Amino acid sequence: MSTSYDQIPYPSLPFPQTHPDRLATLAALFGMKPPPVAGCRVLEIGCASGGNLIPLAEQIPGVECVGVDLSDRQIAEGKRIVDSLGYQSIRLVAGSVEDIDASLGAFDYILCHGVYSWVPGSVQEAILRVCRERMQPEGITYISYNTLPGWRMRSMIRDLMRHHALAFPSPQQQVAQARAILDFLARAVPAENSAYGTLLQQELAGLSEVPDAYIFHEHLEEVNEPVYFREFVERATRNGLKFLAEADFASMLASRFPPEVAETVCRIAPDIIGREQLMDFVCNRTFRQSLLIHSHRPVDRTVTNQRIDGLWLACPLQIPATEPDLAGRSAESFLLGGGACLTASHPLTKATLHELAAHWPRPLPFGELVRKAQARLGSTGDADTAAVELLRADLMRAYSAGLLTLHSSAPPVQSRPDARPKASPLALLQAAEGRPVTSLLHQQVRLDDAARTLLSWLDGATSRERLAARFQEHFSAADPAAFDGMLAEMARVGLLTANRPVKQSLSPG
């Protein structure tokens, strides 16, 4: 049966927030023992052409993946990519979530991104049923969905776009007319002293840069039903599931609000479900990415600083240009992208941030990170337990603010180019086809023509010296330093991999 996604396929992208490592890390923070990511089994409901699923074969040792999607066209494209790469650890199935049964086996991690709000109620129930029946006892499920009250106003915009656009016969005409009517109204309704006009201007600004597929599937599909968080939790509960966390840890913290707001939120909504729902009203939330577990599993929501001990840490910091005073108590600032910075004055914290900057993008386990930082200060061991405890608190605050990342394990990335730089097979294929590439950090990276050409040469067999000579021959007008800078940037964004073979088998469930 042809679907709207066969007419206009949706861009199939990696979503870092769905990565099993992210899910396992959050479970560990809440006192649970999640399934090991290495060797795990992953099911993705609504996998499109595998843009989120296929990269896991290169990032997770021994992973086994199954993707299900109703669109024959998108599944066929995903199979083409899988066959081109020769990966046998991935199975893509054209079919409905309602048809998923025990024949696929059980899964440690179940992912469902961008599906739940866009399907009828019966299919929503099937999604929750599959999660209950196909998830291992210790497993974790990720489901994203549009939420109220934030989507209340957005639904009005969607209604007017559909009212005008669906009078036209083809999907392409409908998208064009949806853009046209929104543009007309944004010009016709003044924004000055008009909440309605301001809303239209905001929507037009947000939609002007998105692809046609987003307009078509987000705003013109027949079904797009947002729900209140508490309603979603009630449905999950009826299906034997329980809310664990949001994929964005920082969004769960009342401390992100002004102190008087945070105090009131915690006072009038002391339980986790009530607090999350109240915060949705406070920030007019439009979208959630919730993690679910089986209802019998206990959760310890007292997230202590000690929980960081069993995790890996990474942070894309820039080392200060001036020689730092690590041993003293003077404050040092470390820049991140987007103008953000981390400032520290405690010696062990400053030394730790230097280690994180030196090893990015590869994470370091907390224990090793502490030892390296102590060695940088000229001390060893854990004699100063107070300093280590202060370090834990500093790092947890940085994580809570979204300034560093925590991991349950490390991806196979290189911190710097080695003698024979190597890109992943998927990145090489994507570069050859002229598409944005997926990094080993599970993020999309856009390359200019020169970087795309260089990436296509990184087969792990060619020496760095030969690559530099070939680059200069190919780009004769290029600055000789451009090669080194481009290669270093590829390492920084997670495009260079260690020479680890991908598992080439798919065991039965």
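Trainee: Where is Arg392 found?

Mentor: Arg392 is found in helix H15. Helices here are DSSP runs (H or I, at least four residues), as are strands (E, at least two), and both are numbered from the N terminus.

Trainee: What should I know about the model itself?

Mentor: The model is predicted, so local features need pLDDT of at least 70 and side-chain atom pairs count only at pLDDT 80 or more, while totals for chains, interfaces and linings use all residues. Residues are numbered from 1 along each chain as its sequence is written, and side-chain values use heavy atoms, with hydrogens and water left out.

Trainee: Back to Arg392: buried or exposed?

Mentor: Arg392 counts as buried because its relative accessibility is 14%. Buried means under 20% relative accessible area, exposed means over 50%, and partly exposed is in between (1.4 Å probe, protein chains only).

Trainee: And what does Arg392 touch?

Mentor: Not counting residues up to four places away in sequence, Arg392 touches Asn305, Gln306, Ile308, Asp309 and Phe366. Contact means heavy atoms within 4.5 Å.

Trainee: How many residues are in the largest nonpolar core?

Mentor: That core has 98 residues, and Val42, Leu43, Ile45, Ile127, Ile143, Leu313 and Leu406 touch the most other members. Helix H15 (residues 385–400) gives the most to this core, with seven residues. A nonpolar core is a set of buried Ala, Val, Leu, Ile, Met, Phe, Trp, Tyr and Cys residues joined through side-chain atoms within 4.5 Å.

Trainee: What is Ile143 in contact with?

Mentor: Leaving aside neighbours within four places in sequence, the contacts of Ile143 include Cys112, Tyr116, Ile127, Phe232 and Arg288.

Trainee: Tyr116 and Phe232, what do they form?

Mentor: Tyr116 and Phe232 form an edge-to-face aromatic pair, 5.3 Å centre to centre with 85° between the planes. Rings of Phe, Tyr and Trp (its six-membered ring) pair if their centres lie within 6.5 Å; planes under 30 degrees apart are stacked, over 60 edge-to-face, and the rest tilted. This pair links distant parts of the chain, 116 residues apart: Tyr116 is in the loop between strand E4 (107–112) and helix H5 (121–134), and Phe232 is in helix H10 (residues 229–238). Tyr116 counts as buried, at 0% relative accessibility, and Phe232 counts as buried at 0% too.

Trainee: What about Phe471 and Phe475?

Mentor: Phe471 and Phe475 make a tilted aromatic pair, with 5.0 Å between centres and 45° between the planes. Phe471 is buried, with a relative accessible area of 1%, whereas Phe475 is partly exposed because its relative accessible area is 22%.

Trainee: Which ring does the charged end of Arg301 sit over?

Mentor: The charged end of Arg301 sits over the ring of Phe30, 5.5 Å from its centre. Phe30 also forms one aromatic cluster with Phe249 and Tyr399. Elsewhere, Arg41 lies over the face of Phe107, at 4.5 Å from the ring centre. A charge sits over a ring if NZ of Lys or CZ of Arg is within 6 Å of the ring centre and within 35 degrees of the ring normal.

Trainee: New topic: what order does the open sheet of three strands have?

Mentor: The order is E12-E9-E13, with antiparallel pairing. Two strands pair if DSSP finds at least two bridges between them. The edge strands, E12 (364–365) and E13 (405–407), each pair on one side only. Strand E9 (residues 312–314) pairs with E13 over three bridges, and Trp312 stands opposite His407 in E13.
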